[in-house]
Amino acid sequence: TKRVEMIGLEQPGARGISDYQWSAQGRLLVDQVSDTGAERWLYVVDAATGAPRLVWHDRRDTRIYPAYLARWHADGRRILVVADIGERDHLYTVDAERPAASPVAVTSGDWDVAGERGAATVQVAGQDAAVFFTGTLKNPYERHVYRKAMTDPAPVAITQLPGVHVPVISPNGQHVALLWSD
């Protein structure tokens, strides 16, 4: 039999869901944001029990707009998070198995991990579980596609043409389909 059950997240009328995704191991990642955008919570929900477990909470009262995104890393343990922990939006990992885990920076610098109009595109693909994302490394007016394996010191540009690129990466990481605008 099929059943539909509610997940018991706190303050459903005052918080919204900005993102959610299933892991290959059958756990649900829920990215929740306050109505003001100042607070953010990451929960992992056990599919068998429906019980949410808080993995990470962030508060920044000076946040102007929340361009949130969270994705499971290919290892099924870490969560990739676009967060403005500093003054810029960057990629971080949060260990979903570790109590009170602190985010670990994947990218840094005087630029943003950003999308065409808000949240960035972030995908994990390939045998090395590289992270593909859109960002403003070239300049703040363009969005290029970058690839970064967790062992790489810096992101590598995938796109070169000036403009805004919106990618979809093949599961093996060998092909990119783009919407492009100059």
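Guide: Let us begin with two residues of that part: F133 and Y146 are both buried, where buried means under 20% relative accessible area, exposed means over 50% and partly exposed lies in between, with a 1.4 Å probe and protein chains only. This is a predicted model, in which local features need pLDDT of at least 70 and side-chain atom pairs count only at pLDDT 80 or more, while totals for chains, interfaces and linings use all residues. Residues are numbered from 1 along each chain as its sequence is written, and side-chain values use heavy atoms, with hydrogens and water left out.

A pair of aromatic rings is described by the distance of the centres and the angle of the planes. Rings of Phe, Tyr and Trp (for Trp, its six-membered ring) pair if their centres lie within 6.5 Å, and planes under 30 degrees apart count as stacked, over 60 as edge-to-face and the rest as tilted. By this rule there are two aromatic pairs. In one of them, the ring centres of W111 and F133 are 6.1 Å apart and the planes stand at 10°, so this pair is stacked. Since W111 lies in the loop between β8 (104-105) and β9, and F133 in strand β10, the pair ties together parts that are 22 residues apart in sequence; strands (E, at least two residues) and helices (H or I, at least four) are DSSP runs, numbered from the N terminus. W111 counts as buried at 9% relative accessibility, and F133 is buried with a relative accessible area of 1%.

F133 also forms a stacked aromatic pair with Y146, at 5.8 Å centre to centre and with 25° between the planes. This pair, too, links distant parts of the chain, for F133 is in strand β10 and Y146 is in strand β11, 13 residues apart. Taken together, W111, F133 and Y146 form one aromatic cluster.

The strands that carry F133 and Y146 are themselves joined: five bridges connect β10 (residues 130-135) to β11 (residues 144-148), and the two run antiparallel. Within this pairing, F132 stands opposite R147 in β11. Two strands pair if DSSP finds at least two bridges between them, and on that basis four strands form an open sheet in the order β9-β10-β11-β12, with antiparallel pairing. Its edge strands are β9 (122-125) and β12 (156-157), each of which pairs on one side only.
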